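Got the viewer open and the sequence panel handy? Let's walk through a few stops, one selection at a time.

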Amino acid sequence: MALVGSGRKVVGLAPERQHGFYGRDIVSVRQFTRDDLTYIFGVSDEMRSLVRRVGATDLLKGHILANLFYEPSTRTFASFAAAMQRLGGSVIPIHGVQYSSVSKGESLPDTIRTLACYADVIVLRHPDVGASEIAARYSAKPIISAGDGVGEHPTQGLLDLYTIYSELGTIDSLRVAMVGDLKHGRTVHSLARLLRMYQTELTFVSPEILRLPSELKCELEEAGRTVIETDSVESIIGTADIIYVTRVQRERFEDMREYEAVKDCYEITTELMARAKHRMALMHPLPRVGEIHYDVDDDPRAAYFRQMENGMYIRMALLAAVLGKA
Ligand code: NCD
């Protein structure tokens, strides 16, 4: 069934049979090929130079984005809004669902159907794994996931991979270490899934109870990646090309004693960075709550602020692409 509107949405076709990004939902990084990534990174480069040269354009003039967030957000919410506005479009911001009909008990499908009447694309952050896929089923307009619980955060995965490429000029043959809450960190899940398509060596650094979900580990091994698990940052500090640090996700713990036991497990300091490779990048999806000391911010290898800026260019590229204007 093809649904019409200002954005084409082809329902029932496998993503690989759909042409390009036009009208496509973005709910998991599993849907991308390396060619898709190369294409989106190329458009993101253009968006970056456009913003630096002239700040904004009217490519998406007359288009509307609904930014629907059931969980807290600073960067994802603001960068999607900025991306849409820099492309000349406008935004319906729903950033506290307690003020919407959700607080009256409205279901996700009904909220989505409503916003699909008014907007051309819907960005959704939700606490339940799989919520974006459910939303996509009910939406006549493209759904872009902005994170579904402990599942995935596909646009963050894309901006993280784009940052790796921008910082080091390659993705293949890198040693990537991911540090922190690998169990609940949806950004880790999306980035690791993207990295499985490249010749990378992956080391996962976490306390025992925050290890990577076993099904994800299997996916990586089946794709031929070398997967190493350790609880020691010391073991990777001198060899990693990318160190991707994450916050321990307090809101995902049922037992607060478990959280207290692991919350301060790692801190990247200037002393540790002194032992890291000269050419490497230190990344973090942010927000940080103690995992990277503020003194590290002046280190040229600290890439996390460039990483969050890249988020806007990636989201500009994705919005233009799903609305058929890239
Ligand atoms: C992340 C998220 O929401 O998953 N934040 C973000 O979008 N940059 C990471 C986190 O909250 O720790």
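Select leucine 286 to begin: at 12% relative accessibility it counts as buried (buried is under 20% relative accessible area, exposed over 50%, partly exposed in between, using a 1.4 Å probe and protein chains only). Before going on, note that this is a predicted model, where local features need pLDDT of at least 70 and side-chain atom pairs count only at pLDDT 80 or more, while totals for chains, interfaces and linings use all residues. Residues are numbered from 1 along each chain as its sequence is written, and side-chain values use heavy atoms, with hydrogens and water left out.

Leucine 286 is in the loop between S11 and H11 (helices are DSSP runs of H or I with at least four residues, strands are runs of E with at least two, and both are numbered from the N terminus). Its phi is positive, about 65 degrees, although it is not a glycine.

**Stop two: salt bridges**

Pick arginine 288, which is buried at 14% relative accessible area. Show aspartate 297 too: the two form a salt bridge, with the closest N and O atoms 2.8 Å apart (a salt bridge is a side-chain nitrogen of Lys or Arg within 4 Å of a carboxyl oxygen of Asp or Glu). Aspartate 297 is partly exposed, at 22%.

How many salt bridges does the structure hold? There are 22. For another one, select glutamate 201 and arginine 175, whose closest N and O atoms are 3.5 Å apart. Glutamate 201 sits in strand S8 and arginine 175 in strand S7, so this pair ties together parts that are 26 residues apart in sequence. Arginine 175 is partly exposed, with a relative accessible area of 39%.

**Stop three: another positive phi**

Go to serine 173, in the loop between helix H5 (154–168) and strand S7 (175–179). Is serine 173 buried or exposed? Serine 173 counts as exposed, at 59% relative accessibility. Serine 173 has a positive phi of about 70 degrees, again without being a glycine.

**Stop four: one side of a helix**

Select helix H4, residues 131–138, and color Ala131, Ser132, Ala135 and Ala136, which are buried. They cover an arc of only 140 degrees around the axis, which puts them on the same side of H4 (the arc is that of the directions from the helix axis to the C-beta atoms).
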